[in-house]
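Here are my notes after going through the two-chain question you asked about. Have the viewer open while you read.

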2 protein chains.
Amino acid sequence: MQYRYPESLANLIKYLATLPGIGPKTAQRLAFHLLNESEENALGLARAIPEARAKVRRCLVCGNLTDGRLCAICEDIDRDRSVICVVEQTRDIFAMERSRSYNGLYHILHGTISPLEGRGPEQLNIAALMNRLREGGVKEVVMATNSTVEGEATALYLARLIKPLEIRVTRIAHGIPVGGDLEYADEATLAQALCGRKEL
Amino acid sequence: MQYRYPESLANLIKYLATLPGIGPKTAQRLAFHLLNESEENALGLARAIPEARAKVRRCLVCGNLTDGRLCAICEDIDRDRSVICVVEQTRDIFAMERSRSYNGLYHILHGTISPLEGRGPEQLNIAALMNRLREGGVKEVVMATNSTVEGEATALYLARLIKPLEIRVTRIAHGIPVGGDLEYADEATLAQALCGRKEL
């Protein structure tokens, strides 16, 4: 007879293993942890999942995640409403905010155009962006999609869509990361860094 | 103003980050996954946690995890009841069973003696082991605690405790892993492999 975990434990392991980056071994370790963990933390996690799913929705303006109607950034009156930064995912906003170099609004696409994966522009949060831009008041759109084939293609597609509205469209710079070694930079990054060189 | 995630999402991230090996970045990624995941998987996980905690308990004989009174191994009548293999953790049983080389019973200590971390023998599942042995019928106890300082110390401690009962106490062999390169073996393993060499 092949030895198996008790059913309720096997069940917990099975669900943990559906999480991204969690293989069967890690799922097992997490399950044991959740069995031995304090009541507060383990059941807190169990309660937090349905609660977050029920409460979190998309901001009606920018598509960012929020507990209310609008997200904290769209509601913030200190933000510069003449600039919109377009990102792929909600978590990209966090990265941008950590840089403390941007004070405009955001627009989240929730993905990229990817013909290979069957995602066209109509599946992205683009119509809402165009409506925002047509309402006027926006002077610049900063494309901060990732520096991947899909990210670049999406940025170019949007730029073509937006330019007829006579709004400035810019792309964040690509090059050697700050603190990065030339020696370890790949060719594509180095090529971009050379293309984007500035006068000293 | 520093940008923050909506409260219910931040809450979910906080609980996920309490899991072992899950840092803030991974917790964030898992939380987003749980938001976008199918209802069945996400809420299944939420339900599986309290269910496993409520149902899973320790086998009354060996300390293994079970949904019932006894674990599947203690209940299995095909098992050799004259040998008990002593392991540190429940998951060690899985490793042993995968080897398909053992058909006896188990005893789970739920830890090791570790004076540095303030764990003495009285915190381990040792009294139950001694009761099982005193009941008679057991001819051999195989020490399969880990090959760490604590694991070795615990094995030696138990061997001294068990020997007066005139039961054979053995220790699993340590040496070069099967398929392992001598070149990459550490000194301690190599020393153990030499000590334990056998006639060809």
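1. Ground rules. This is a predicted model, in which local features need pLDDT of at least 70 and side-chain atom pairs count only at pLDDT 80 or more, while totals for chains, interfaces and linings use all residues. Residues are numbered from 1 along each chain as its sequence is written, chains are lettered from A and ligands numbered from 1 in the order in which they are written, and side-chain values use heavy atoms, with hydrogens and water left out.

2. Size of the interface. On the chain B side, 56 residues are in contact with 55 residues of chain A (contact means heavy atoms within 4.5 Å). About 5,300 Å² is buried between the two chains, and carbon and sulfur atoms give 68% of that; buried area here is the accessible area, with a 1.4 Å probe, that two parts lose on being put together, summed over both. Tyr3(B), Tyr15(B) and Arg53(B) supply 15% of what chain B buries against chain A, more than any other three residues. The copies meet through the same surface, because 98% of the interface residues of chain B are also interface residues in chain A.

3. Polar side of the interface. Twelve residue pairs are in polar contact between chain B and chain A, both residues at pLDDT 80 or more. A polar contact is a pair of N or O atoms within 3.5 Å; within protein, one must be able to donate a hydrogen and the other to accept it, and residues adjacent in sequence count only if both atoms are side-chain atoms. Which elements of chain B give two or more residues to the side that touches chain A? They are α1 (7-16), α2 (24-36), α3 (39-55), β2 (65-66), α4 (72-75) and α5 (90-98). The most comes from α3(B), with 15 residues. Helices (H or I, at least four residues) and strands (E, at least two) are DSSP runs, numbered from the N terminus.

4. Salt bridges between the chains. The rule finds two across the interface, taking a salt bridge as a side-chain nitrogen of Lys or Arg within 4 Å of a carboxyl oxygen of Asp or Glu. One pairs Glu39(A) with Arg53(B) at 3.4 Å, N to O. Arg53(A) and Glu39(B) also meet, at 3.4 Å. Arg53(A) lies in helix α3 (residues 39-55) of chain A and Glu39(B) in helix α3 of chain B, so the pair joins two chains.

5. Salt bridges elsewhere. Over all chains the search finds twelve. Among them, Glu117(A) reaches Arg119(A), with the closest N and O atoms 3.0 Å apart. Glu117(A) counts as exposed at 56% relative accessibility, whereas Arg119(A) is partly exposed at 25%. For these classes, buried means under 20% relative accessible area, exposed over 50%, and partly exposed in between (1.4 Å probe, protein chains only). In chain B, Arg119(B) and Glu117(B) form a salt bridge at 3.0 Å, N to O.

6. Asn64(A). Look in the loop between β1 (57-58) and β2 (65-66) of chain A. Asn64(A) is buried, with a relative accessible area of 0%. Leaving out residues up to four places away in sequence, Asn64(A) touches residues including Arg57(A), Cys59(A), Cys71(A), Ile108(A) and, from the other chain, Tyr3(B).

7. Thr145(A). Buried or exposed? At 2% relative accessibility, Thr145(A) counts as buried. Thr145(A) sits in the loop between β5 (140-143) and α7 (149-162) of chain A, and its side chain reaches the backbone oxygen of Gly151(A) at 2.9 Å. Not counting residues up to four places away in sequence, Thr145(A) also touches residues including Val86(A), Glu88(A) and Arg171(A).
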